[in-house]
Amino acid sequence: SALCLGASTINAEPITQAGQAEVSIKANKDQTTARTVARRQAEADAIRAALKLKLNIDATSPKAREAIGELVKTLAPNLRTTYVVEGDVMTARTTLSVDSAELTDLSRSLGIQNMNVMEGASVVFLIDEYWGIATN
């Protein structure tokens, strides 16, 4: 039997990526504003890290920087943020949990990823046959 793997298949796997941001409460006037600023920065940091580490996308490019805001909005249900306050510093830690296929599709639709590694690869043929002499 022979098996042909198509070059356009995407093996979806869960991606979990962390992001973090620290802001001054005094510089942001109050704790509510500081919390909002810290959350937005931590969410963007988690998205940037996922793009860079999981999809090998340069998250510092102008196109990627523009797309990160849209990715944060779209992936909001997949972002979880916790906060720690120590004196004047508020630290937000965000965890992104998303399926790799979803992140890949979103990054393509926003124009920051042209093709994934599997699509750029050649077609792979696996042949599983054995010819031999029967022995009884």
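Me: Which members of the largest nonpolar core touch the most other members?
Reply: They are Ile47, Leu51, Leu71, Leu75, Leu96, Leu103 and Ile112, out of 21 residues in that core. H1, helix H2 (62-74), E4 and H3 each give two or more residues to this core, and H1 gives the largest share, six residues. Before we go on: this is a predicted model, where local features need pLDDT of at least 70 and side-chain atom pairs count only at pLDDT 80 or more, while totals for chains, interfaces and linings use all residues. Residues are numbered from 1 along each chain as its sequence is written, and side-chain values use heavy atoms, leaving out hydrogens and water.

Me: What makes a set of residues a nonpolar core?
Reply: The members are buried Ala, Val, Leu, Ile, Met, Phe, Trp, Tyr and Cys residues, joined through side-chain atoms within 4.5 Å. A second, separate core of eight residues includes Ala34, Ala38, Met90 and Ala92.

Me: Which residues does Leu71 contact, leaving aside its neighbours within four places in sequence?
Reply: Leu71 is in contact (heavy atoms within 4.5 Å) with Ile47, Leu51, Leu106, Leu110 and Ile112, once those sequence neighbours are set aside.

Me: Why are H1 and H3 called roughly perpendicular?
Reply: Their packing angle is about 105°, with the axes 12 Å apart. Such angles run from 0 to 180 degrees between N-to-C directions, with axes fitted to C-alpha atoms, for helices over the stretch in contact. Angles under 35 degrees count as roughly parallel, over 145 as roughly antiparallel, 65 to 115 as roughly perpendicular and the rest as oblique. H1 and H3 are therefore roughly perpendicular. Ala50, Leu51 and Leu55 of H1 meet Leu103, Thr104 and Ser107 of H3 in this contact.

Me: Where do these two helices lie on the sheet?
Reply: Helix H1 (residues 31-55) lies across E2, E3 and E4, at about 145° to E2. Helix H3 (residues 100-109) lies across E2 and E4, at about 100° to E4. These elements are DSSP runs numbered from the N terminus: helices are H or I with at least four residues, and strands are E with at least two.

Me: Why do E2 and E3 count as edge strands?
Reply: The open sheet has three strands in the order E2-E4-E3, with antiparallel pairing. Strand E2 (14-24) and strand E3 (79-86) each have a single partner strand, so one side of each has no neighbour in the sheet. From one strand to the next, the twist averages 15°.

Me: How do you know that E3 and E4 pair?
Reply: Two strands pair if DSSP finds at least two bridges between them; E3 and strand E4 (residues 89-99) have eight, in the antiparallel sense. Leu79 stands opposite Leu96 in E4. The two strands form a hairpin with two residues between them, and Gly87 in the turn has a positive phi of about 65°.

Me: Why is Gln17 called buried?
Reply: Buried means under 20% relative accessible area, exposed over 50%, and partly exposed in between (1.4 Å probe, protein chains only). Gln17 has 13% relative accessibility, so Gln17 counts as buried. Gln17 lies in strand E2, and its contacts beyond four places in sequence include Ala46, Ala49, Ala50 and Leu96.

Me: Is Tyr83 buried or partly exposed, and what makes it so?
Reply: At 22% relative accessibility, Tyr83 counts as partly exposed. Tyr83 sits in strand E3 and, leaving aside neighbours within four places in sequence, contacts Arg35, Arg39, Met90, Thr91 and Ala92.
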